[in-house]
Amino acid sequence: MDSTILDIGCGDGSLTSKIFKELIPNCKTMTGCDISEDMIRFANEHYASERVNFTTLNIEGELPDHLRERFHHATSFFAFNWCPRQETAFQNTYDILRDHGSCFAIVTEKVSLYDAYRTLAEAEKWKPWVIDVERYISPYHDSHNSLKEMEQLLGKIGFTTTKLEHKIIFHDYENQENLKGGIMAVVPFKIPDELYDDFFIDLSQEMQMFDTKKYNLKKSTNDSVLNVQILVLYFEKK
Ligand SMILES: C[S@@+](CC[C@H](N)C(=O)[O-])C[C@H]1O[C@@H](n2cnc3c(N)ncnc32)[C@H](O)[C@@H]1O
């Protein structure tokens with residue numbers, strides 16, 4: 001009630017707007033921010049309203065003064081994992097929040113998609129396009145104790161960690177076309193149009209191999225399920 005909320009890495013704004021409408025309609029304002037100007041333009045055109053607005057911001061860049069201690073609370077879904085400079089990203093989050101502010105976030109951890117990127121980056125067929133892969137892999141993907149790493153980082157910045165846990169999401173896209181849309185929307189490589197279908201076949205085969213062999217996830221009854229291991233975080237500036 002009466003809080004100002006920032007959604008970090010809001011993407012197209014659809015989730016920010018849904019959270020505002022369905023979960024916190026009584027907050028004062030909800031602001032979505034994203035590093036991508038295209039995302040923010042789209043979000044402003046489709047989801048802005050009297051109390052919902054969108055702005056460009058690089059959460060691991062230099063923080064503009066007018067954003068310091070500006071928000072009561074923050075949310076962030078699947079965005080911090082895109083930030084190689086984790087400490088700057090969480091420090092900026094700390095600086096953006098007012099005293100007693102809090103942040104609820106979901107960060108991807110181990111995902112077979114990232115393992116598949118690495119394999120395809122080595123394959124002659126895909127090498128020309130699958131480049132700079134480490135840039136797109138969660139900083140916690142190779143971690144042996146991501147909970148401890150995250151807790152230490154948040155503590156160093158000055159946050160009190162209230163919740164920190166692993167979860168596995170099994171999202172059933174129901175058919176291959178939907179799964180393809182969901183996965184290819186986050187694949188950052190510029191695959192030529194004529195190779196797009198072929199790329200998805202190779203990528204999804206690699207993902208299934210890693211899901212069963214590396215992560216011991218049971219093969220699902222259909223192959224349109226996406227498995228993602230995530231970190232769920234709730235931390236406060238006390
Ligand atoms: C997978 S999308 C998630 C979008 C939305 N939160 C959702 O769950 O539907 C990740 C978003 O994080 C944004 N992002 C990546 N790095 C960022 C940064 N340094 N600062 C702000 N946003 C960033 C990307 O542009 C992208 O829109």
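**A predicted model, question by question**

Me: Where does UniProt place the feature "domain: Methyltransferase"?
Reply: This is a predicted model, in which local features need pLDDT of at least 70 and side-chain atom pairs count only at pLDDT 80 or more, while totals for chains, interfaces and linings use all residues. Residues are numbered from 1 along each chain as its sequence is written. UniProt positions follow that numbering, with shortened feature names and annotations that may be inferred rather than shown by experiment. The record, an unreviewed entry, puts this domain at residues 5-101.

Me: How far apart are the end C-alpha atoms of residues 5-101?
Reply: The span is 32% helix and 28% strand, where helices (H or I, at least four residues) and strands (E, at least two) are DSSP runs numbered from the N terminus. Its end C-alpha atoms are separated by 10 Å.

Me: Which residues are closest to the ligand?
Reply: The ligand is surrounded by 18 residues, counted when the C-beta atom, placed from the backbone, lies within 6 Å. By class, 12 are nonpolar, 4 polar and 2 charged; here Ala, Val, Leu, Ile, Met, Phe, Trp, Tyr, Cys and Pro are nonpolar, Asp, Glu, Lys and Arg are charged, and the others, Gly among them, are polar. The closest are Gly-9, Gly-11, Phe-77, Ala-79 and Trp-82.

Me: Which residues touch the most other members of the largest nonpolar core?
Reply: A nonpolar core is a set of buried Ala, Val, Leu, Ile, Met, Phe, Trp, Tyr and Cys residues joined through C-beta atoms within 7 Å. Buried means 20 or more other C-beta atoms within 10 Å of the residue's own, exposed 12 or fewer, and partly exposed in between, with C-beta atoms placed from the backbone. In the largest core, which has 36 residues, the ones touching the most other members are Leu-6, Ala-74 and Val-107.

Me: What do the buried residues of helix 3 pack against?
Reply: These buried residues are Ala-89, Phe-90, Asn-92, Thr-93 and Ile-96. Seen down the axis, they fall within an arc of 155°, so they line one face of helix 3. They pack against strand 1 (4-8), strand 4, strand 5 (97-108) and helix 5.

Me: Which residues is Phe-20 in contact with, leaving aside its neighbours within four places in sequence?
Reply: Phe-20 is found in helix 1. It is buried, with 21 other C-beta atoms within 10 Å. Contact is counted when the C-beta atoms of two residues, placed from the backbone, lie within 7 Å. By that rule the partners are Pro-25, Met-30 and Val-52.

Me: Is Phe-78 buried, exposed or partly exposed?
Reply: Phe-78 has a positive phi of about 60° although it is not a glycine. Its place is in the loop between strand 4 (71-77) and helix 3 (86-96). With 17 other C-beta atoms within 10 Å, Phe-78 is partly exposed.

How values were computed
The arc is that of the directions from the helix axis to the C-beta atoms.
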